[in-house]
Amino acid sequence: MADKFLKRENLGRLIDSVRNGGARFVAPAIDARQAVYRAISGADEVTWDYILPRNSFKDYLFPQTEVVAEYSIGEGGVEIRGRELSPKDTVVFGSRPCEAASLASLRSVFTWDSVDEFYTAREDKTTVVTVACTNGDEACFCTTVGLSPESVAGSDVMLRETADGDFSVTAITGRGRGFLSAHSAAFEDSGSGSAQKPLFVPEKIEGVDISRIKERLARKEHYDDPVWAGLTRKCIGCGACTFVCPTCHCFDIIDEGTAFEGERRKNWDACQFDSFTLHASGHNPRDAQFKRWRNRFMCKFNFYPNKFNSRGCVGCGRCIRVCPVRLDITEVMEEMSR
Amino acid sequence: MENAVREKAKGLLTSGEVKVVIGWGWNRNGTRTTPVFITRPEDAGRLVWNPLCVNNLSVYLTRKFKDIQALGRPAIVAKGCDIKNIAVLVSEAQVKREDVYIIGVTCDGVVYRQELWKGELTPNIMPTKCHNCDVRNPHIADCVIGDRSGFVPPEAPAGMVFDRIKALDAKESAQRWEFWIKEFSRCVKCYACRQVCSLCYCERCITEKNMPQWIETSAHPRGNLSWNLTRAMHLAGRCTFCGECERACPVNIPLNLVNQKLITVVKDAFDYRSGYDASAHPPMIVFSPEDKENFIK
């Protein structure tokens, strides 16, 4: 049973209410012919015509590039100044269930051996408002990894579109309930009674068996299986899949500036780059692209579930859509289910 | 035509003349083409040829793909535009012409992006390069498959890319600068443009040289500008306008504008077009007393 209702024309009221409270409102907007999550200021910027935004909303929790410290070297020696983090309250509106489910995965990595506050401080201030999927494409495969277009994991508030274009609203978490009461003026207590719009449910890929994949990856013999090279030889080694992936989290620390002053930055990195595991000696343990691909697959279906007991892949399909050579992870999943 | 490609591949693999045929095949659902590497004659039936075969497979001939080179002598199914890149690779001593068997396919054009395909190749879903193509009949090949194309490209190149370049050229330099800063600001430094490019074959790209760090790896405006400008300059006089970098770009940066502009500049300054003659050297690496040098004022 829905807690509230949101009329589509009242989105502007919600945005104003959120922004007047000092928070950022992030929602899908069109940029360069694509739907992209961005901080917006009015309802006219929001697009409803999207399956998933091009980027993951991890951009707002784990920015592509950020300064973590500054340094200067003077007569008095080296001075290092850390960056105080005071993240803004953020509302992510229009998320999808697959993507929201990735939050627990990111958190598990960023709190594993030490707590990465650059991530956790932001996530703690983020409210995720998810819209259940009534639209999808052939790259969607949430049902194959055990999720669905109405999964609630990771969402604070869940919206279901009704046939007349409005939304029934359900609070999932305490933060979600707080959100609904803080912005109650934007919501209605009752709806028009119109039926819910049918969900887009991707067909489960028959040949894929997640537990079988885990089993196979747990056996060391798979490592030298020629199947890896055969399936992933076409990979060109760009980082597009990892950068759009909501659970990919690798970063690099670099110093930028002159010899006397500069900043230390945390930048996204990708296991698909050939320099990712290049040692100072010149040795590279992952010296062929299929080995890098094997690592990414292992990360999703072995490391994440075994080490963190969390989900490495949420089935959003972004990596499939964005791949310049159409390397489809579900085809590899199917092969590894054998 | 598709069958002829398969038969040819099968014959080459059976005779042992080549060890691998690089071509296009279907994905699982038969909705998109994807590169395939056929090593057994009985698998030749997986090869396809249709307007969705957009990928320029010549990238797989470069030294970036040592495991593909290890398979043995390759044959490659290639459109005329793909063959242009092979010609540059030969002229730059990256591939020996006799070390690759080119199965040329005549072409009526491909789609700009596969997701635009609705079952029919219409002019509005074809990239600018196809509308101006003078290599629909492959110009360098060991065999050519398909009926001869009678297509005659327009005398003055035309199409969306040229229109947009014209519009940009008409702007003040400050506005042009603003345009490119905005476009490059979306860059996420995934390097798909570089990785998909067969002419970006350096084993260590300048952006990976970090002692000192020549190009900042951060995806901030400064880092993005230096990366995109450097890559453009490294392709001047070499790029064949195959369009793969723009197609691969996940954030829709109009790289075709940069590349076509450079091609026009090189044509005007050096009367050179890359990709037509495997024995010609790109103008940026040769000195010629005939160079106009009218850019020095």
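This is a predicted model: local features need pLDDT of at least 70, side-chain atom pairs count only at pLDDT 80 or more; totals for chains, interfaces and linings use all residues.
How far apart do the C-alpha centres of domain 1 of chain B and domain 2 of chain B lie? They are 24 Å apart.

View 1. The domain assignment of chain B places domain 1 at residues 2-145 and domain 2 at residues 160-285.

**View 2. The largest nonpolar core, with its 154 residues.** Look here for B:Ile76, B:Val77 and B:Ile86, the residues that touch the most other members of the core. Helix 3 of chain B turns up again, giving the most to this core with 7 residues. Both domain 1 (2-145) and domain 2 (160-285) of chain B give residues to the core, so it lies between them. As general background, nonpolar side chains tend to be buried together in soluble globular proteins.

**View 3. The surroundings of B:Val77.** Once neighbours within four places in sequence are left aside, B:Val77 is in contact with B:Val5, B:Ile22, B:Gly23, B:Trp24, B:Leu47, B:Leu57, B:Ile103 and B:Val105. B:Val77 is also one of the residues that touch the most other members of the largest nonpolar core.

**View 4. Helix 5 and helix 10 of chain B.** Helix 5 (residues 160-169) of chain B packs against helix 10 (residues 255-270) of chain B at an angle of about 80°, and their axes are 10 Å apart. That makes helix 5 of chain B roughly perpendicular to helix 10 of chain B. Helix 5 of chain B makes the contact through B:Val161, B:Arg164, B:Ile165 and B:Leu168, and helix 10 of chain B through B:Asn256, B:Leu257, B:Gln260 and B:Lys261. These residues divide into 4 nonpolar, 2 polar and 2 charged.

**View 5. B:Glu120 in its loop.** B:Glu120 is found between strand 4 (101-105) and helix 4 of chain B. Is B:Glu120 buried or exposed? B:Glu120 has 7 other C-beta atoms within 10 Å, so it is exposed.

**View 6. Helix 6 and helix 9 of chain A.** Turning to chain A, helix 6 (residues 210-218) and helix 9 (residues 289-308) of chain A pack at an angle of about 85°, with their axes 10 Å apart. These two helices of chain A are therefore roughly perpendicular to each other. From helix 6 of chain A, A:Ile213, A:Lys214, A:Leu217 and A:Ala218 meet A:Met298, A:Phe301, A:Asn302 and A:Pro305 of helix 9 of chain A. The contact residues divide into 6 nonpolar, 1 polar and 1 charged.

**View 7. Chain B against chain A.** Here 31 residues of chain B are in contact with 30 residues of chain A. On the chain B side, strand 2 (33-38), helix 2 (66-69), helix 7 (192-195) and helix 9 (244-248) of chain B are the elements that give two or more residues. The residues on this side of chain B divide into 13 nonpolar, 10 polar and 8 charged.

Definitions and conventions: Residues are numbered from 1 along each chain as its sequence is written. Chains are lettered from A and ligands numbered from 1 in the order in which they are written. Two residues are in contact if their C-beta atoms, placed from the backbone, lie within 7 Å. Helices (H or I, at least four residues) and strands (E, at least two) are DSSP runs, numbered from the N terminus. Ala, Val, Leu, Ile, Met, Phe, Trp, Tyr, Cys and Pro count as nonpolar, Asp, Glu, Lys and Arg as charged, and the others, Gly among them, as polar. Axes are lines fitted to C-alpha atoms, for helices over the stretch in contact, and angles run from 0 to 180 degrees between N-to-C directions. Angles under 35 degrees count as roughly parallel, over 145 as roughly antiparallel, 65 to 115 as roughly perpendicular and the rest as oblique. Domain bounds come from an automatic or database domain assignment. A nonpolar core is a set of buried Ala, Val, Leu, Ile, Met, Phe, Trp, Tyr and Cys residues joined through C-beta atoms within 7 Å. A residue is buried if 20 or more other C-beta atoms lie within 10 Å of its own, exposed if 12 or fewer, and partly exposed in between; C-beta atoms are placed from the backbone.
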